[in-house]
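Hello,

Here is the structure I promised to pass on to you. Have a look at it first, and then read on for what turned up in it.

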Amino acid sequence: MRLALEQAELAAVAGDVPIGAVVVDASGVVIGRGHNQRELRGDPTAHAEVVAIREAAAAVGGWRLSGCSLVVTLEPCTMCAGAVVLARVERLVYGATDPKAGAVGSLWDVVRDRRLNHRPEVVAGVLAAECGALLASWFEARRG
C-alpha cells in the first residue's frame, strides 16, 4: 500500500485526485503502477486501477492477471471493479472506503456478484486512515 500511496502523490502533484495503484504478481514483484491521470490525459477511463492493470497486462503479455493482486488507495468505482473482474485479478486490496462511488461494498458490490464468472478475494481497510487523509487534504485544499 505504501507504493500505491507514492503513486497517489504523483497524481496530486499533477493536479489529479490522489489515488494510486500497483499490481503485484504472485512472487511479489510489482508489474504495474498507476495513478489517476484523467486530467493529464483528458481521459475519463484513466483511473489509477485501469492504468496499473494496463501496465501489468503489457508486462505479462496478456489480459489475464491470474495470481496477481491489485493494491489501490481507494475503494474502486464500478468501472474499476469491473476491470478487476474482467482481468481475473486474484486479490483486491484497498485502503479507504468510498461512500459516494465505491463498488466493493459501499454502494454496489461488483467484485462479489455471484452472477459474474470471477470473484477476487477482497482485503479492505489497509492503511485506510492514511489513504483517506491524503484524499481529504487534497479536496480541502481545492475547496478552501
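**Around helix α4**

The buried residues of α4 are covered by parts of the chain that include α3 and β3 (69-74). Before going further, please keep in mind that this is a predicted model.

Which residues of α4 are buried? They are Cys80, Ala81, Gly82, Ala83, Val84 and Val85. Just past the end of α4 comes Arg88, which has a positive phi of about 60 degrees.

Helix α3 spans residues 48-60 and helix α4 spans residues 78-86; their axes come within 9 Å and cross at roughly 25 degrees. An angle under 35 degrees counts as roughly parallel, and α3 and α4 are therefore roughly parallel to each other. The crossing of α3 past α4 is left-handed. On the α3 side, the contact is made by Glu49, Val50 and Ile53, while α4 brings in Met79, Cys80, Ala83 and Val84. Sorted by class, this contact of α3 with α4 has six nonpolar residues, one charged residue and no polar ones.

If you follow the chain on from α3, you will find Gly62 in the loop between α3 and β3. Gly62 is partly exposed, at a relative accessible area of 29%. Its C-alpha atom is 15 Å from that of Val51, a residue eleven positions away along the chain.

**Helices α1 and α5**

The axes of α1 and α5 are 11 Å apart, and the helices pack at an angle of about 10 degrees. Here too the cut-off for roughly parallel is an angle under 35 degrees, so α1 and α5 are roughly parallel to each other. From α1, the residues Arg2, Leu5, Ala8, Glu9 and Ala12 meet Glu130, Cys131, Leu134, Trp138 and Arg142 of α5. This contact of α1 with α5 divides into six nonpolar and four charged residues, with no polar ones.

**Salt bridges**

How many salt bridges does the structure hold? There are five. As background, side chains of opposite charge can pair when their charged atoms come close.

One of the bridges joins Arg2 to Glu130, with the closest N and O atoms 2.6 Å apart. This pair links distant parts of the chain, with Arg2 in helix α1 (residues 2-13) and Glu130 in helix α5 (residues 128-143), 128 residues apart. Both partners are partly exposed: Arg2 has a relative accessible area of 48%, and Glu130 has 37%.

Another bridge is formed by Glu121 and Arg91, at 3.0 Å from N to O. Glu121 is in strand β5 (residues 121-124) and Arg91 is in strand β4 (residues 91-96), so that distant parts of the chain, 30 residues apart, are linked. Glu121 is partly exposed, at 41% relative accessible area, and Arg91 is partly exposed too, at 27%. These two residues also belong to a network of salt bridges that links Glu90, Arg91 and Glu121.

Asp113 and Arg115 make a further salt bridge, and their closest N and O atoms are 2.6 Å apart. Is Arg115 buried or exposed? Arg115 is exposed, with a relative accessible area of 74%.

Enjoy exploring it, and write back whenever you like.

Best wishes

Terms used: Residues numbered from 1 in each chain as written. Predicted model: local features only at pLDDT ≥ 70, side-chain atom pairs only at ≥ 80, totals over all residues. Heavy atoms only, no water. Axes fitted to C-alpha atoms, helices over the stretch in contact; angles between N-to-C directions. Helix = DSSP H or I, 4+ residues; strand = E, 2+ residues; numbered from the N terminus. Parallel < 35°, antiparallel > 145°, perpendicular 65-115°, else oblique. Left-handed = near helix turned anticlockwise from the far one by under 90°. Contact = heavy atoms within 4.5 Å. Nonpolar A, V, L, I, M, F, W, Y, C, P; charged D, E, K, R; others polar. Salt bridge = Lys/Arg side-chain N within 4 Å of Asp/Glu carboxyl O. Buried < 20%, exposed > 50% of the residue type's maximum accessible area, 1.4 Å probe, protein only.
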